Amino acid sequence: MHGLGNDFVVVDLRAQPVAIDAAAARTLADRRTGIGCDQVILLEPPRNPSAQVFMRIRNPDGSEAEACGNGTRCVAALLAAETGERRIRIETAAGLLDAEAASDGRISVDMGVPRTGWRDIPLARPMDTLRVDLVHGPLAEPVCTSIGNPHATFFVPDAEAIDLAALGGALEHDKLFPERANIGVATVRDPATIRLRVWERGAGLTPACGSGACAALVAAHRRGLTGRTAAVLVDGGRLDIAWRDDGHVVMTGPAALSFEGSFDAGWLAGR
């Protein structure tokens, strides 16, 4: 499945549990010798009785992510089609996420309340997260936000002019981020439009990053650059983000099924 080109291998383990560790996730995510994806999403029985599923997220390097906005939309679309229900609750390592299938085929996901304290990101030392003391090449003073996972958003005159492929890896692993970070470069085109590109932690450049789009809107509003809603334009298309008055961030966008298939679990065991 994919959300605006941010693609996922969604493995349904609800009926047939299979151990998919970091090495197995790397095998699945490999675009030459595996299936290929930006993230591997594992569907497991929920721990919380109010949720329909537990969603576990593995990056292509095998590391585990707490949140994935585009992946959540894909899983919500899958479950809505499976159950016939418009409202879906998904359990993740970052908590419970509520999603709703709209009549136009798009999916809205309540990504929860963003956190902005330096410990919440987390950062390695106390710092004002509105203007973080970090400079790397042309990028300086990001806004840091946790959307269940860590984000650093740099505001620049032209997001497309930044060589994020060259800069993203070093910033992701900067010592300021003990759990690494997703790195965004954003340009505010007007108070309701943000152009965004994201280097995702453990995955690199992707066509879209849902949690990154949420972080960009929160960061822009905190800086006084936008209102509480904006269209966030990523390489793969458009996400609509709203930071509601109750503090929750809601992301709305498409989700698509590319293909379905199966593989023998022995393939992973014999990798």
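How many positive and how many negative side chains does the protein chain have, and how far apart do the centres of the two sets lie?

1. Charge. In this predicted model, the protein chain has 28 positive and 34 negative side chains. The centres of the two sets lie 3 Å apart.

2. Overall form. The radius of gyration of the protein chain is 18 Å, which agrees with the value near 18 Å for a compact globule of 271 residues. Along its principal axes, the C-alpha trace spans about 50 × 40 × 30 Å.

3. Secondary structure and contacts. The protein chain contains five helices and 18 strands. Of the contacts with a separation of 6 or more, 61% are between residues 24 or more positions apart.

4. Interior and surface. Buried residues account for 52% of the 271 residues in the protein chain. The chain exposes about 11500 Å², and carbon and sulfur atoms supply 49% of this area.

5. Disulfides. A disulfide is a covalent bond between the sulfur atoms of two cysteines. The structure holds zero disulfides. C74 is in no disulfide, and the nearest cysteine sulfur, that of C68, is 7.9 Å away. For a disulfide, the two sulfur atoms must be within 2.5 Å.

6. Two cysteines. C74 is buried, because its relative accessible area is 0%, and buried means under 20%. C209 also counts as buried, at 3% relative accessibility.

Methods: Residues are numbered from 1 along each chain as its sequence is written. This is a predicted model: local features need pLDDT of at least 70, side-chain atom pairs count only at pLDDT 80 or more; totals for chains, interfaces and linings use all residues. Side-chain values use heavy atoms; hydrogens and water are left out. Buried means under 20% relative accessible area, exposed over 50%, partly exposed in between (1.4 Å probe, protein chains only). Helices (H or I, at least four residues) and strands (E, at least two) are DSSP runs, numbered from the N terminus. The radius of gyration is taken over C-alpha atoms; the globule rule is 2.2 Å times the number of residues to the power 0.38. Contact means heavy atoms within 4.5 Å. Accessible areas come from the Shrake-Rupley method with a 1.4 Å probe; for residues, only the protein chains shown count as cover. Lys and Arg count as positive and Asp and Glu as negative; His and the chain ends are not counted. The place of a charge is taken as NZ of Lys, CZ of Arg, CG of Asp or CD of Glu.
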